[in-house]
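Here is a short report on one protein model. Look at its sheet and its pockets.

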Amino acid sequence: TLGYGFTIRSYDEDLASLENGTDVATNPEEEHYYHRVELKGKWRPVSWLELDGRYRFKKKDDQFEGFESYDEGKWAAGLSLSLFPSWTLRAQASLAEREYDHRPSDLAGETLAYDKLEGSITAYYKISRGSSFYARYSYIDRDGNHDTGTSYRDYTTSRFLTGFSFAR
């Protein structure tokens with residue numbers, strides 16, 4: 001499957017940033033355009049196994065002065081095992097690489113860039129047709145070239161989610 005998406009976000013309360021990163025106190029209207037192209041596919045070699053993969057390219061265009069503009073590529077793969085009638089086990093992994101056009105990094109002459117590696121495992125228990133209980137553990141590791149300040153720093157995190165999912 002090949003898809004394209006386009007989003008416009010208008011910001012009228014957050015301070016707009018000049019190309020050099022300085023906030024503009026008069027707060028002119030700022031808009032960001034997001035373009036996404038995604039290629040994805042699935043393969044079910046046997047009834048109890050499904051493999052899937054995708055690549056997504058995303059471009060953010062800051063229409064004010066370009067300070068927030070970036071390009072991002074993301075590879076993702078997953079596999080689902082349905083060995084028992086009510087249970088499904090799903091594993092997913094992804095790697096995203098983002099590079100900003102103007103936002104500076106801590107390294108002289110380089111713009112901000114980072115890689116984000118994510119992995120998760122989810123167990124689903126089918127309650128009825130269209131509804132399931134799930135529990136998911138995920139791990140995220142972001143590594144970039146910006147270690148100072150309060151945002152865009154490296155981090156690792158583990159997350160546990162549980163809940164219900166409903167489908168038509």
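How do the residues of the lining of the largest pocket divide into nonpolar, polar and charged? They divide into six nonpolar, nine polar and ten charged. Here Ala, Val, Leu, Ile, Met, Phe, Trp, Tyr, Cys and Pro count as nonpolar, Asp, Glu, Lys and Arg as charged, and the others, Gly among them, as polar.

## About the model

This is a predicted model, where local features need pLDDT of at least 70, side-chain atom pairs count only at pLDDT 80 or more, and totals for chains, interfaces and linings use all residues. Residues are numbered from 1 along each chain as its sequence is written, and side-chain values use heavy atoms, without hydrogens and water.

## The sheet

Two strands pair if DSSP finds at least two bridges between them.

β5 and β6 pair over twelve bridges, in the antiparallel sense. F57 stands opposite G73 in β6.

## The largest pocket

A pocket is an open set of points on a 1 Å grid over the protein atoms alone, where a 1.4 Å probe fits, with protein on both sides within 12 Å along at least five of seven lines. Lining residues have an atom within 4 Å of a point.

The largest pocket is lined by 25 residues. D52, R54, A76, R90 and Q92 lie nearest its centre. Strands that each supply at least two lining residues include β4 (30-46), β5 (49-62) and β6 (70-84).

Definitions and conventions. Helix = DSSP H or I, 4+ residues; strand = E, 2+ residues; numbered from the N terminus.
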